[in-house]
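Please look over the structure below with the notes that follow.

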Amino acid sequence: MSVIQEGIDALMPIMPQFILIIAALIVPAIGLKSGKASSIFTMAAAALAIAVTAYMMYDGYTDSFMDIFEFNDFTGLMTVLFLIVLILVSLISYSGSETRKHHGEYFALLIVATVGMIFVAGASNLIALFIGIELASISSYALVAFKKNDPASAEASVKYLIIGGLSTALSLYGISLLYGLTGSVAISDVAQYLAEGSFTWTYIVAVITVIAGFGFKIAMVPFHFWAPDVYEGAPTPVTTFLAIGSKKMGFIVFFKIFLMMFILAQVLGGIPEMQWLFAFLAAATMTLGNLIAISQTSIKRMLAYSSIAQAGYILIVLAVGSSYALEGGLFHMITHVFMKGGAFIVVAALCARGLSENISDYRGLAKRAPLVAFAMMLFLFSLAGIPPLAGFDSKFVLFSSAVTPDGTWIWLVAVAVINSAISLYYYARVVKAMYVDKGASTEKMRVPMPFAIAIAICAIATVAIGIYPGPIIELCESAVKAFLLM
Amino acid sequence: MIMDYAWLIPLIPLLGFVAVGFFGKKLPEGGGYIAIGTAIIAFVISALVSYEYLTGDLFAASQPYVADIQWLAFGKYEINFGIYIDSLTCVMMLFSSFISTLIFVYSIGYMHGEGQRKRRYYAEIALFLSGMLGLILASNYLEMFIFWEIMGVCSYLLIGFWSFKHPEGDEASIKAASAAKKAFLVTRLGDVCFMTGLFVLLWSFGNLDFTTLFDPAEIAGADGTMILIGSLLLFGGVIGKSAQFPLQDWLPDAMAGPTTVSALIHAATMVKAGVYLVARSYPLFIQNADVMLLVAIIGGVTAFVAASMAMNNMNIKRVLAYSTISQLGYMIMALGAGGYLIAMEGEVEASIGYTAGVFHMVNHAFFKALLFMCAGSVIHAVGTEDMRKMGGLSKKMKITSATMLIGSLSIAGFPLLSGFWSKDLILEAAMEPSILGLPAGTIFLFLFALAAITAFMTAFYMFRMWFMTFKGQPKEASEHCHGESPRSMTVPLIILSIFAACSGFLIFLGLNNIITFSVLDHGSGVEYLVGGFGHTAGHIFESIFTNVWTYVSMALALFGILLAYLMYCKGSIDPARFNSNGESKIYKFLTARYFFPQLYDQIALKLGYGVARGVDYIDKNLVDGTVNGISNAVVGGSGSMRKMQSGYVRDYAAFIIVGVIVLVAILYVIVSWGGA
C-alpha cells in the first residue's frame, strides 16, 4: 500500500502527463476500430488531465519531479491551456475530410506532442526543456504530413522537418555554449549568469543561436518564412494545433530564459541591451506579418501571417521585460487560443464542406451559414482588437505594459496600435466577403456537429473573456508569481 | 435615487438588440416595436436622471455624479466601468434618446417593405443607440473607447445594410459595400489616434477615469508635454469620427445606407460622439492654447470646405451629408475658439464658445434629423435621390414640404428659428479672440470670415435643395409620386419640426446655465464657471441683438435664400451662367470633392497595397534571391543541384543562417552603442 502511495506521490507533479502518456499508448488500439471513438477517448483523457491539474492548482500544490520538472501555478495554467488546445483539435479531427485514415496514430501523435509542450512549461533545466521541445516537434513533423496523397502536405512536412532540424541544431549549439559558460543546465543558473554576464563573443553567439533556434518555433522575423507554407500545406486541424499550441511552447521557452534574465538584470540595475534587440524583433515581426497578410488570397496563408503578427505583439513582453508584461503576454496567449483557434476551426469546418481556402469562396457565406459567418466575424474582430471582445482586452493589457514610467517603449506601443489598425484591413476584407459580397451559390450549408461545438466553445470564450476578463487575469497574475519563483 | 439606475440607460437598448436579434423573425415588423420600446424607456430614464441631477445638490456644486465598479485590474492599473453624469451628459442623453425614439418610430413606416431584413435592421439600430448612450455615460476614456468602437462596427454593418439587394440595383449595392468599408477604415484611422492617446494618458495619469484626469491638481502634477500629445491624439479620434477635415470624405459615401440610418448617424449618434469627446475633454484640451487653436482651425476649414461641396451636388442625401460635416465644423470651431480663450485668459467668465458649440449640437440634432427624415419621405415617395428628377412636390406632399421648409429655414439661420440662435453664438465665439486682441486674433478673424461665408452658402444650398425638390415643374420622378407618406412617418416629422423651430428658445429657459463648462479647482479652492455669459434671458437677448455681426449673418442668410429662389424657383438667374454649363473649373473641382477621394485612393490603395505587395515580393523573391546567391557562394555553386521543391528549403535554411549572422551583428552594434 505504502509503495503505491509513494509511487503516486513521486509521480504527482507529472500526473497530467502520466495520464496522457497512458492514453497515447491505448489510443492506437481504439483507432483501429473507429476514428470517432479514438477522438472521444482522447478528449476524455484530456478532460481527466484537466480535472487533475485543476484540482492540483486549487489545492495550491507545488512540487518538483526529479529536479527537472516543476509543477506550480504557471505550469498548471499552461497545462490547462495546452489541454484545451488538444480537446479543440481532437474535436475537429475525425469528421473532417483532411485526416481520414490512421486515426490511432494521429491521435497518439497529438497526445504525445501535447505531453512535450506540457513538459516544456514545467521544465526547470535546459535538457528537460530541449527534450520536451523535441518531443513536440518530431510529433508535429509527422502530423503535418497527415494529409495523405497530397503532395502539398508532404512538401510542407519535409520543409518543416528540415528547417526544424536546423533550428534544433542551432538551439542545441546555443544550449551547449551556455552550459560551457555556466557549468550548469539549471535554467535559473543560466538566467542568473546571463543577467550578470558581460558581453563576449561566446556570450553573444550563445544567446543568438538560442534566439534563432527557438525563434523558429514562434515564427519570429526573420525566422518566419516556413510558417505560411507549413500552415497552408498541413491538414487544417494540425495547422490549428501548430498555431495555437506549439507556438505557445516557443514563447514559454523565451520567457523562461530571457524574461528571467531581464528581470534579474533589472534587479541588478541597468536595462540589458538585449531588450532593445527584442523590441526591434517585435516591431519587425508584427509589421511584416501584417503587411504581407494584406495581399494574401488564401485564408490559411492570411491567418498564418496574422499569427506571425500576433507573435510580434507577444514579443513586446520580452522587450519590456517586466512581470506585468508577462501577465499581459499570458493573457494574450490565452485569448489567442480561442480567437485564432476559432478562426482556423471555421476554416477547417468549411473545408470539410468542400469550400476552398480562397477568400473569394467565402463570398455570401452569411447567407449560407449565418451562425458560422457570425462566429468568424467575432474571431476576426477579436483578432483585430475590436472591443468588447477578448482580443481587445488582452491587447490593451499587453500594450499598456509597455507604458512604463520612463517611457522607453512608448514608440513600441504606437507601432503596435498602428499595426492593429492595419490588421483590421485584411480582417474586414473577409468580413466583407462573407456579409456584403454576393456568393456564387446561396445554398444553405451545415457544418458537422463536432465543428459546430468547437466553434461555439471558441465564440463563447471570446465574448465571455472580453466582457468579464477578471478571473483570467487573476489566473495569469498567480501564474506570473509562480513563474518568478521558479 | 433614480441616478443609481442610470446604467440601465445603455443596457435597455442592448437588451432590445438581443431580443430583436434572436426573436425578431417571429415578432411583428421584425421586432421594430421592441426597439421603439427600449428607446422610449431609455429616454424616460434619461429624463428622470437628468431631472434628478439638475435639481440636486451635485449640480449646484458643479460636481458630477460618479458610480464605478472595477472591471479590470492588472499591474498597477485599475480600469473601472461606470457612469459619470454631469450637465453635458444630461443634455447629450436626452436629445440622443429622444431623437432616436422618433427615428425608430419613423422606421416602421419607412422600412415596412423590407421583409426579412427588418430584424437585422432593428437589432442593429438598437445596438447603435446602446453604443451612443454608453459612450455618453462612460466614466472613463477606455469605456468611452469601447462604446465608440461598438458604434464603429454598427455603422459598418448599417451602412452596408443595403448591400445585398439595393433598391437601385447592383451598382448601388457595390457602392454601399465599399462605402461601409470606407467608413469603417477611415474612422479607424481616427481610432488609432484615440487608442494611442489613451496609452499616453494612462502613462501620464496612471488612470483613465474622468474624475482623475479632470482634477486640476492631477493635471498640474502630470507632464505637460504628455497632456499636449494626449490631447492632440484624442482630437485625431474626433477628426475621424466627426468627419472633420481632412478625413471628411467617408460621411457623404456613407449615404449609401438607408435614410433612417443617415438620420441616426447624423443627428443623434456617431458623428456627435466626436463633438462630445471635445466637449468632454475640455479640461485637458484647455491646458494648451495651441491645441484649441488647432481645433478651431480644423473646425472652421471643415465648415467651409464641406459647405462648398454641397453647393452643386444633385443628390438630396449628399447635400444633407455635406451640410452635416459643415455644421459639425461649426461646433468644433466654436468649442476651439471658446477653449482658446480659456486657455489664454485663464478665468474668463464670458467665453461662449463651449455653450455655443454644445447648443448648436442640440439644435442641429433636431433640424438635421428632421431634414433627413423629410428627405427620406421624399425618396420613399419618388424612388430616387436625384434632385434633377424631382420638382413640384409641394402640392402632393404638403406635410413633408412644410416641415422640410422649417428645417431648412432653421439650418440656414433664419431669424428666431433654432439654428439662428446657436449659429449667432458661434460667430460671436469665433470673433471673440480677435476682439480681445489675443495672439491668434488674425487667425480667428479669418475663421470668422470663413464661418460667415459658410452661413451664406448654407442658406443657399439648403434652399437650392428645397426649391429643386418642391417647387418648379414636376419632373419624371415626381410623376410617380403617390402622395404623402404614411402617418408613422409624418407624425415624427411634425413633432421634430416643432422642436427644430423652437429649440433655440431653450437658451432663454435656463439651458444657458446647464450648458456651462465648470472646473472646480481643488488647489486654490476657487471655482470658476465658464459660459452662460450673463445669467438672465434679457442679457442674452440684448447681447445678440446689439451686435452688428448678428445683422451681417442674418443678411448673408437671407441673401443666400434669395439667390436660391431666383436661380431655382423663379428662374430669373440661370445657374448655367455661373458654372458654364458644368464646364467651369471650380464646378468640376467641387464635383470631384476637391479630389479628396482620388487622393485617398492613391494613398490607401496604391501606396498601402503597393507596400504590402512590395514587402511580400521582397520576402519571397529578393531575400530568397540574395540568400540563394550567398548560399551558392557558401556551398560553392549550385550548378549540380537543380532547384526543385527542396531548393526552397535550402534557401530557407540559408536564410536562417543569414538571420543569425544579422542578429549577431545587430546585437553587437547595440552592445557597443550601449557601452559608448
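## A residue in chain A

V415(A) sits in helix α18 of chain A, in what is a predicted model. Is V415(A) buried or exposed? The cut-off for a buried residue is 20 or more other C-beta atoms within 10 Å. V415(A) has 20, so V415(A) counts as buried.

Set aside the neighbours within four places in sequence. V415(A) then contacts A283(A) and T287(A). P222(A) lies 193 residues from V415(A) along the chain. The C-alpha atoms of P222(A) and V415(A) are 18 Å apart.

## Where the chains touch

The contact draws 55 residues from chain A and 50 residues from chain B. Six stretches of chain A each give at least two residues to the side that touches chain B: α7 (151-182), α9 (201-215), α12 (274-294), α14 (323-352), α17 (390-401) and α18 (410-435). Which helix gives the largest share of that side? The answer is α18(A), with 11 residues. V415(A) belongs to this helix too.

By residue type, the side of chain A that touches chain B holds 43 nonpolar, seven polar and five charged residues.

## Chain B as a whole

Chain B contains 29 helices and four strands. Of its 676 residues, 57% are buried. Take the contacts in chain B between residues at least 6 apart in sequence: 79% of them join residues at least 24 apart.

## Helix α4 of chain B

Helix α4 of chain B covers residues 87-110. How does the span of its 24 residues compare with expectation? At 1.5 Å a residue, α4(B) should span 34 Å. Its end C-alpha atoms are 34 Å apart, so the two values agree.

Burial is the other point to check. In α4(B), 23 of the 24 residues are buried, so the rest of the structure largely encloses this helix.

## Two packed helices in chain B

Two packed helices are described by the angle between their axes and the distance between the axes. Helix α10 (residues 224-241) and helix α15 (residues 289-310), both of chain B, pack at about 15 degrees. Their axes are 10 Å apart. The angle is under 35 degrees, so α10(B) runs roughly parallel to α15(B). The crossing of α10(B) past α15(B) is right-handed.

Which residues make the contact? From α10(B) come L228(B), S231(B), L232(B), F235(B) and I239(B). From α15(B) come V291(B), V295(B) and I298(B). Seven of these contact residues are nonpolar, one is polar and none is charged.

Technical notes. Residues numbered from 1 in each chain as written. Chains lettered and ligands numbered in written order. Predicted model: local features only at pLDDT ≥ 70, side-chain atom pairs only at ≥ 80, totals over all residues. Axes fitted to C-alpha atoms, helices over the stretch in contact; angles between N-to-C directions. Parallel < 35°, antiparallel > 145°, perpendicular 65-115°, else oblique. Left-handed = near helix turned anticlockwise from the far one by under 90°. Contact = placed C-beta atoms within 7 Å. Nonpolar A, V, L, I, M, F, W, Y, C, P; charged D, E, K, R; others polar. Expected span 1.5 Å × (residues − 1). Buried ≥ 20, exposed ≤ 12 C-beta atoms within 10 Å, placed from the backbone.
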